[in-house]
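Subject: Structure for you to look at

Dear colleague,

Here is the structure I said I would pass on. My notes on the ligand site follow below it.

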Amino acid sequence: MTGIHFNWVGGCEIPAVDVAPNINPSDLADCVGEFARADAGQAHEAIAAARAAFPGWSRSTPQQRADLLDRAGTLIHERRAQLGELLAREEGKPLNEATGEVIRAAQIFKFFAGEPLRPGGELMPSVRPGVDVEISHEPVGVIGLITPWNFPIAIPAWKIAPALAFGNCCILKPADLTPGCAHALVAILQEAGAPAGVVNLVMGRGSVVGDALVESPDVDAISFTGSVQTGRAIAARCMQTGKRVQCEMGGKNPLVVLDDADLDTAVSVALNGAFFSTGQRCTASSRLIVTEGVHDAFVDRLRREMLTLRVGHALDPDTQIGPVVDERQLQQDLDYIAIGHAEGAEVIGGSRLDAPTAGFFLQPALLVGTAPGMRVNREEIFGPIASVIRAADDDEALAIANDVEFGLSAGVCTTSLARARRFKRDLEAGMVMVNLPTAGVDYHVPFGGRKGSSIGPREQGGYARQFYSIVKTSYVG
Ligand code: NAD
């Protein structure tokens with residue numbers, strides 16, 4: 001992929017007002033391509049194009065919407081190898097994981113291709129004689145979709161697909177670091193036959209293009225995924241401008257390992273949840289809360305296995321952990337390792353690594369002997385770094401797990417059904433995993449968090465309807 005990649009507005013690529021290179025974090029000499037950066041004026045053109053397309057698309061038949069989403073899913077799946085390589089190059093996920101994410105995007109489109117055809121309304125008698133009550137779902141309108149860099153094709157897919165399925169038009173604003181997958185996805189939707197203006201792409205700065213979407217009175221709703229700081233500011237402005245808003249934000253996800261856990265399972269679940277995808281998952285296990293009886297054996301095994309993980313170029317088939325996404329994130333990771341050390345943690349791993357290509361390679365880090373109040377246990381780090389907290393018993397482990405402002409995903413490793421039931425009930429998180437990594441979810445069920453992690457209704461699966469459609473109650477006499 002080389003040359004300039006333009007924004008899509010009203011079914012056409014529009015001239016660039018600015019361009020930026022997309023650099024491969026595994027190899028800083030590799031430029032994935034030049035990508036246009038829109039200004040606020042172009043964002044407003046995209047909003048106008050979506051508005052103009054809305055009357056037609058909102059009245060399209062369920063079959064038209066189903067066909068478009070199904071074709072898009074087929075095209076994504078057919079091009080999984082090429083798109084997987086693009087994703088690995090621009091974001092740094094190892095090729096197998098990157099290809100898996102592309103396949104996930106195809107599955108999401110296939111799932112939502114069925115949604116327009118599934119019944120969504122209700123008809124019921126009124127409490128008044130001779131009156132019927134109908135409850136129907138209508139499209140919301142024009143929706144701004146603002147996405148982060150860490151799942152550069154799956155997150156745009158899980159926002160665009162339901163937006164279109166329920167008859168909305170949309171404008172995608174992807175993260176600055178990963179415009180390539182977003183561009184390829186929107187190009188596929190045009191090729192699949194999306195009518196002009198139904199899907200628009202405005203790559204560019206969050207503070208310029210994202211801001212224009214949030215402020216515009218012609219945008220009816222914003223679906224945002226990203227950091228807590230940005231999400232909370234967007235949600236507050238959406239409330240002021242009367243927009244529907246959904247924000248999926250950060251996490252500080254606990255994995256609790258209880259005395260009766262199967263050690264093989266617990267270590268493999270922790271290794272995957274904490275370090276795979278370079279720890280750059282909102283659902284990553286960043287706090288490993290381990291009860292007294294198993295603590296030392298667990299730490300010993302995890303330390304040994306972590307140090308064998310192969311860190312390297314995302315396209316190298318032997319790589320298990322790719323690079324950190326950019327210099328700023330790498331510095332943040334190193335800073336938190338230093339903070340953990342200064343706070344009294346024993347630091348295992350965590351060195352910057354050299355490789356045959358110049359990139360942002362970081363050895364995974366385990367911070368042992370940490371206390372719940374330390375900064376490394378309260379702030380989202382978003383890197384291949386996990387801290388271990390020792391807990392006296394189940395009660396203390398549960399209390400520590402819940403004692404943070406976030407509540408996205410949480411896990412427990414135990415062989416006891418009774419303990420699993422208790423933790424499933426009492427962990428304050430949107431998603432609970434029993435003997436499974438805190439990261440790794442299905443596409444046909446709700447995704448989202450509690451407390452400081454989320455604002456608004458759940459994403460994905462049938463629950464996506466709650467955000468992407470509006471309920472109308474009609475009384476017929
Ligand atoms: P970020 O908040 O920096 O950026 C997210 C998006 O918001 C980007 O497209 C950015 O350009 C845009 N943006 C920035 N400033 C804006 C503004 N003023 N107005 C409008 N838009 C603006 O997040 P990031 O660094 O791209 O992603 C990492 C974060 O995302 C982590 O905190 C992670 O936990 C979170 N995340 C959450 C989930 C989830 O579902 N809960 C999933 C993936 C990532």
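The domain bounds used here come from an automatic or database domain assignment. The model is a predicted one. Both domain 1 (4-249 + 453-476) and domain 2 (253-434) contribute residues to the shell around the ligand, so the ligand lies between them.

The site itself: the ligand takes up the space of the largest pocket. There are 27 residues around the ligand, and those that come nearest are Thr147, Lys173, Ser227, Met249 and Glu380. By type, the shell consists of 13 nonpolar, nine polar and five charged residues.

As for secondary structure, helix 7 (206-215), strand 11 (221-225) and helix 8 (228-240) are each the source of at least two shell residues. Helix 7 gives the most, with three.

- Ser227: an N or O atom in the side chain is 2.6 Å from a ligand oxygen.
- Thr147: a polar backbone atom is 2.8 Å from a ligand oxygen.
- Gly226: a backbone N or O atom lies 3.3 Å from a ligand oxygen.

On burial, the ligand taken alone exposes 850 Å², and the protein buries 87% of that.

Regards

Definitions and conventions:
Residues numbered from 1 in each chain as written. Predicted model: local features only at pLDDT ≥ 70, side-chain atom pairs only at ≥ 80, totals over all residues. Heavy atoms only, no water. Near = heavy atom within 4 Å. Polar contact = N/O pair within 3.5 Å; in protein donor to acceptor, adjacent residues only side chain to side chain. Areas by Shrake-Rupley, 256 points an atom, 1.4 Å probe, with all protein chains shown as cover. 1 Å grid on protein atoms, 1.4 Å probe; cavity = no way out; pocket = protein on both sides within 12 Å on 5 of 7 lines; lining within 4 Å. Sits in = over half its atoms within 2 Å of the grid points. Helix = DSSP H or I, 4+ residues; strand = E, 2+ residues; numbered from the N terminus. Nonpolar A, V, L, I, M, F, W, Y, C, P; charged D, E, K, R; others polar.
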